[in-house]
Amino acid sequence: MSVQALETVHTLYGIMAEFETPGHLVAAARKVRLAGFKKFDAYTPYPIHELDEAMDLHDNRVSLYTLIGGCLGGIGGFSLASWVQSVALPLNIGGRPLISVPMFIPVTFECTILIGGLTAAISMLLLNGLPLPYHPVFNVDRFVDASRSKFFLCIESADAKFDRDNTVSFLESLNPVEIAEVAR
Amino acid sequence: MSQPVELPDQIYVGPVIDEGHSLASVSDKVGGIVLKRKTTLGWVFGLIVAFGLLQALMASATWLLIKGVGVWGINIPVGWGFAIINFVWWIGIGHAGTLISAILLLLNQSWRNAINRFAEAMTLFAVMCAGMFPVLHTGRPWLAYWLLPYPNTMALWPQFRSPLLWDVFAVTTYLTISAVFWFVGLIPDLATLRDSTRKPWQQKVFGMLSMGWRGSARHWQRYEKASLLLAGMATPLVVSVHTVVSFDFAVSMIPGWHTTIFPPYFVAGAIYSGFAMVLTLMIPVRKFYGLEDIITMRHLNNMAKVTLATALIVGYGYIMEAFFGYFSADVYERFMVWNRMTGPYAVFYYTLIFCNIITPQFLWAKRIRTSPGILWIISIIVNIGMWLERFVIVVTSLHRDFLPSSWGMYAPTIWDFGVFFGTIGLFLFLIFLFVRALPMITIFELRMLLPGARVKEPVAQ
């Protein structure tokens, strides 16, 4: 990376284009990906499932972590019940088994859901890098509409293919409403 | 998503969201209730009334803590009384929120989008009220942490084979997961409020609460996955919670309680009372806040249908309860059914049949399902009926069980009513605060219902 490019990365987060409809955004996102950009993102007021395909998004880590969390919760719940009833406080009631599996199912189940659910929510937030109250994209004035009614796409200056002028002209070819530079 | 389906006139009652709304207009309308709408006198009045009722809870709980649980009407043989009746009633009310937010999400019922936030808030507040009762019923709430398994100097551990301990795990898990699900759903809407407001303090508060949500597509993808997973887990959870609550009864040997139908019958009853409560709250709210274009006739109609369907399941439960008593050929079971229908509490039994079985039959008529006023009255009657159901289940089984020498009568005291109405005050107080401070409708899911939200890619030039 040249000195000039490094300087750009430090002062400029990226170039942002605004689109009027979700259809334009999805088409643009696909072209940006096919043009070889890696570090770019779309910003929308509601989830658009077509973007997953257009941007080639397939992060399944939330599901994996939730599965692991749920399993650990279930194993933990069952182990806790078994340990308490057989080691910590064994009660011999008419010679019945100390580890009475059917009676431990409700607690095992609830612990599975509790840990699994917490893992789903927390891993989603952490993988998204949230909480993060400040982000450069908020520097664009019109970006307040990203949570209301407008659709945005930002190519980041950290991308290997990024070049200030070429990227602007490339984005202009995608029929945006407006283009803005995103300051750091 | 919500493709308009061609339906014959007698079935179709209107769209999920009225025409003329755009992405911006729904955001401004729902967000504006929090940000722009002036605090009305009606809201202040309602809050004061709810707060006044809440004081009944404080006074009754204080008196209870000073004197002990003897101030309630409970005694031997009826040791459970109002505390358990109200606990089951409140927990049941909460279940509709999870049903709407989780099960209807999995079933792809897009009409839920307008009512799920409110119903989930109702769930949270109802579970808070429910939790009050077992904790107060222990008589020493400051020792409630003894219910949890933790190493202690008494070298004692809770009994993992007891349904009452299962309740502790089920209800705390339910409260936690409901709160998490609710908050995760709020994040994008809090970001909308942050971006819509111009007041710096609101920007800061909503900015921190929204965790800096910026609507990134990469975030949405994980967000949707997490929501779906939470819904997938909340669905069996909600069934398990009321199943465990019914185990409190069904695992015991008391006549009338010891039946296998209790878990499904309780879950259906819970959804029934919950939908009735959603209607009770939603009908005035949509009127006072002018939300008839977002919470449409279609919603009321659908909720009324769910209410009717669950009423029929509950009715089946009543018939089976009586049949089990007869078919068991057990003298105590048979006497319990007989005593329930002809004994000293028979009037409650027949009132409950009237409220829960006869009243909802009006919902077969489309005209009634689409008249908010009548629907509201029916929903109130169902709420009362479901409370009576729990009263009948708890009291008629306990007050005359096996030996006539140990029979007795149960009557609640003023402190029973004080705690009960106090929790209604707490519930309403929280609802009033909620509709004022947070968006009561999930804005981002509402946007997905709009025709303009659908992706139509431009044809390549």
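**Close-up views of a predicted two-chain model**

**View 1. Helices H4 and H8 of chain B pack at an angle of about 115°.** Here H4(B) (residues 116-137) and H8(B) (residues 262-288) run with their axes 11 Å apart; axes are lines fitted to C-alpha atoms over the stretch in contact, and angles run from 0 to 180 degrees between N-to-C directions. Helices are DSSP runs of H or I with at least four residues, and strands are E runs of at least two, numbered from the N terminus. This is a predicted model, in which local features need pLDDT of at least 70 and side-chain atom pairs count only at pLDDT 80 or more, while totals for chains, interfaces and linings use all residues. Residues are numbered from 1 along each chain as written, with chains lettered from A and ligands numbered from 1 in the order in which they are written.

**View 2. Phe118(B), Ala119(B) and Met122(B) of H4(B) meet residues of H8(B).** Their partners are Met277(B), Val278(B), Leu281(B) and Met282(B), with contact meaning C-beta atoms, placed from the backbone, within 7 Å.

View 3. Leu130(A) to Pro131(A) has omega near 0°, and Pro131(A) sits in the loop between helix H5 (101-127) and strand S3 (151-156) of chain A. In chain B, the bond from Ile76(B) to Pro77(B) is cis, with omega near 10°; Pro77(B) belongs to the loop joining H2 (41-67) and H3 (81-106).

**View 4. Ala329(B) has a positive phi, near 60°, although it is not glycine.** Look for Ala329(B) in the loop between H9 (297-327) and H10 (331-342) of chain B.

Notes
Two residues are in contact if their C-beta atoms, placed from the backbone, lie within 7 Å.
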